[in-house]
Amino acid sequence: MTTPTAPSETEAGPAVRVKELGHIVLYVRSLDRAIAFYRDVLGWPMVMSPSGFPAAGFRAGDTHHDLLLIEVGPDAAPIPSGRRVGMYHFGVKVGDSDDELRTVLAELERHPDLVTVAGAGDHGYTHSLYVIDPDGNEVELYIDVPGVDWTDPTLLARPTQPLHL
């Protein structure tokens, strides 16, 4: 096993530094079903759907796109279940209060054909719902807990508690 080497550094710090997460690209079996979930259930604004290429882009922030869906057809291999290498889930902020998270939960429960609510958690810094999209991708839908000290180095080590909405 090789040991990773540290990136080159200057007096100002690392020579390379990630500025932000730009976007996520997901392969989907049915673009129509995926759009029904991300646009119609979650309310994620769709900003592009190129002609001649089965894809759709969504933007909620100030970038070109946050999410791109590319249709690969019904015969595509499913996402393996259980512990595996690869993405576990991605998180999407859906509001600023538990009331907004309750509204999200009610909307999810209206669409059992498109989404499965897999769990919920109070992380101390976020309140989160975990859902499975139409293609088996896990998505964390969360709100930030007001008043959290984001500079606290122990923040992510806090044990998850049951979420009581």
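Reply: Start with a loop: M87 is found between strand 6 (67-71) and strand 7. Helices (H or I, at least four residues) and strands (E, at least two) are DSSP runs, numbered from the N terminus. This is a predicted model, in which local features need pLDDT of at least 70, side-chain atom pairs count only at pLDDT 80 or more, and totals for chains, interfaces and linings use all residues. Residues are numbered from 1 along each chain as its sequence is written, and side-chain values use heavy atoms, without hydrogens and water.

Me: What is the relative accessible area of M87?

Reply: The cut-offs come first: buried is under 20% relative accessible area, exposed is over 50%, and partly exposed is in between (1.4 Å probe, protein chains only). M87 has 37%, so M87 is partly exposed. The C-alpha atoms of M87 and L69 are separated by 15 Å, and the two residues are 18 apart along the chain.

Me: How do I check the span of helix 2?

Reply: Take 1.5 Å times one less than the number of residues; that is the expected span. Helix 2 (residues 98-109) has twelve residues and should span 16 Å. Its end C-alpha atoms are 16 Å apart, which agrees.

Me: Which residues of helix 2 are buried?

Reply: An α-helix has 3.6 residues a turn, so residues three or four places apart point the same way. In helix 2 the buried ones are L101, V104, L105 and L108. They cover an arc of only 100° around the axis, so they sit on the same side of helix 2. The arc is taken from the directions from the helix axis to the C-beta atoms. D98 also lies in helix 2, but D98 counts as partly exposed at 23% relative accessibility. The C-alpha atoms of D98 and T126 are separated by 10.0 Å.

Me: How many bridges join strand 8 to strand 9?

Reply: Two strands pair if DSSP finds at least two bridges between them. Strand 8 (residues 116-122) and strand 9 (residues 126-132) run antiparallel and are joined by six bridges.

Me: Is strand 10 largely enclosed or open, and why?

Reply: Strand 10 (residues 138-144) is largely enclosed by the rest of the structure, because five of its seven residues are buried. Strand 9 runs antiparallel to strand 10, with seven bridges. There, T126 has D144 as its bridge partner. Their hairpin has five residues between the strands, and G136 has a positive phi near 95°. Strand 7 pairs with strand 10 in the parallel sense over five bridges. G95 stands opposite I143 in strand 10.

Me: Which residues lie nearest the centre of the largest pocket?

Reply: On a 1 Å grid over the protein atoms alone, a pocket is an open set of points where a 1.4 Å probe fits, with protein on both sides within 12 Å along at least five of seven lines; lining residues have an atom within 4 Å of a point. W44, A60, D66, G91 and V92 lie nearest the centre of the largest pocket, which is lined by 17 residues. Strand 7 (residues 90-95) gives the most to this lining, with five residues. About 440 Å³ of space lies in the largest pocket. A volume is the space filled by probe spheres set on the points, and grid points are joined across faces, edges and corners.
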